[in-house]
Every structure is written in C-alpha cells, then in structure tokens.
Amino acid sequence: MIPRLDNPSALFPAGFKAMVALEQALAQAIDPELLELVKLRASQINGCAFCIYMHTTDLRKRGVDEMKLYLLNAWRDSYLYSGRERAALGWTEALTRVADDGAPDNEYNALAEQFSEEERVQLTFAIGAINVWNRLQVGFHVAHPPRGAVMRDAA
C-alpha cells in the first residue's frame, strides 16, 4: 500500500490536536480495556490495519486474554464478554454501520441497561472518534508499523 500523503497531521495540526485532546478526555472517562475493545471492534469493521495493529497491541499490553482478541469478531457468540462489553460492542457496531440500520432501539436499550446517561455520551464520543481515526488512516493509506515496533504507550 502506497501512502497518499506523507504526514497528514502536519497538514491540519489544529484538527489533530483537537482529536488528541478528545482521546485524552476519553481515556479519563472510560475503562481502558473497554475503550480499547470498542476501538478494536470499530477498526475491524472499517478494515483499518493501522488501528487494528495499535489497539491489539494496547490490549495485549494490558494483559487481555489472547482468546478475547481472537473472538472479538464473534463476540455475540462468545461467553468471554461481560454484559457491559456486549452492550458497548453492540452500540459500536450500530454506530459504525449507522448508514445500514441507523441506531436501532434494541442496541440503545441494551446500552442503557448497562451504562448511565453520561457514560452513554462518553462511549458515543469514543465510537465517533475511532471512526474518524479509521477514516484518516484508511483514506490516506497509512500502513501499520513493522511487527514488534513500538507505536505508543497504552493510554
């Protein structure tokens, strides 16, 4: 894959700075493992190799069971995910695929059973943010780093 731009962040630094500030706020608001699972699931749906690499690496650093990573595509059929994780992943899929079905009531109701109103807003911001990052990386053909390369510390 040939990158379409050498350094997109340098071409709109204010935008990237705002996104980083949002990520910092989300890291303070949402359980780190849950946040990374949401980011990984959206990145899988969007086919963002860069983000899949990064969030898988971050989850491994956090000590998440490898099987939980392998089964994320099939989370509905696995007992490895908690009720909160299931609700968050369902909402992630609904909003990442919003053009397909909107934001179905059943997914929102499942979310509301597990998360407070404030948490629902925070999670929705997180889902929106990862979808922006995915579109930047996929749109500009940003390749993931070589295997084993250090990307960043887990937030």
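**Notes on cysteines and helix packing**

1. Let's start with the cysteines: there are zero disulfides in the structure, a disulfide being a pair of cysteine sulfur atoms within 2.5 Å. C48 is in none, and its nearest cysteine sulfur belongs to C51, 3.3 Å away. Seen from C51, the closest cysteine sulfur is the one in C48, and 3.3 Å is too far for a bond.

2. Before going on, a word on what you're looking at: this is a predicted model, where local features need pLDDT of at least 70 and side-chain atom pairs count only at pLDDT 80 or more, while totals for chains, interfaces and linings use all residues. Residues are numbered from 1 along each chain as its sequence is written, and side-chain values use heavy atoms, with hydrogens and water left out.

3. Are C48 and C51 buried or exposed? C48 is buried, with a relative accessible area of 1%, and C51 also counts as buried, at 1% relative accessibility. Here buried means under 20% relative accessible area, exposed means over 50%, and partly exposed lies in between (1.4 Å probe, protein chains only).

4. Now the helices, which are DSSP runs of H or I with at least four residues, numbered from the N terminus. Helix α8 covers residues 105–114 and helix α9 residues 117–139; their axes come within 8 Å and cross at roughly 125°. Axes are lines fitted to C-alpha atoms over the stretch in contact, and angles run from 0 to 180 degrees between N-to-C directions. The two helices are therefore oblique to each other; that word covers whatever is left after under 35 degrees (roughly parallel), over 145 (roughly antiparallel) and 65 to 115 (roughly perpendicular).

5. Who meets whom there? On the α8 side you'll find Y108, L111, A112 and Q114, and on the α9 side E119, R120 and L123. Contact means heavy atoms within 4.5 Å. By class, this contact has four nonpolar, one polar and two charged residues. For the classes, Ala, Val, Leu, Ile, Met, Phe, Trp, Tyr, Cys and Pro count as nonpolar, Asp, Glu, Lys and Arg as charged, and the others, Gly among them, as polar.

6. α8 also packs against helix α6 (residues 83–96), at an angle of about 145° and with the axes 9 Å apart. From α6, G83, R84, A87, A88, G90, W91 and A94 meet E107, Y108, A110, L111 and Q114 of α8. That contact has seven nonpolar, three polar and two charged residues.

7. E93 is buried, with a relative accessible area of 9%. Leaving aside residues up to four places away in sequence, E93 touches R41, I45, W75 and R76.
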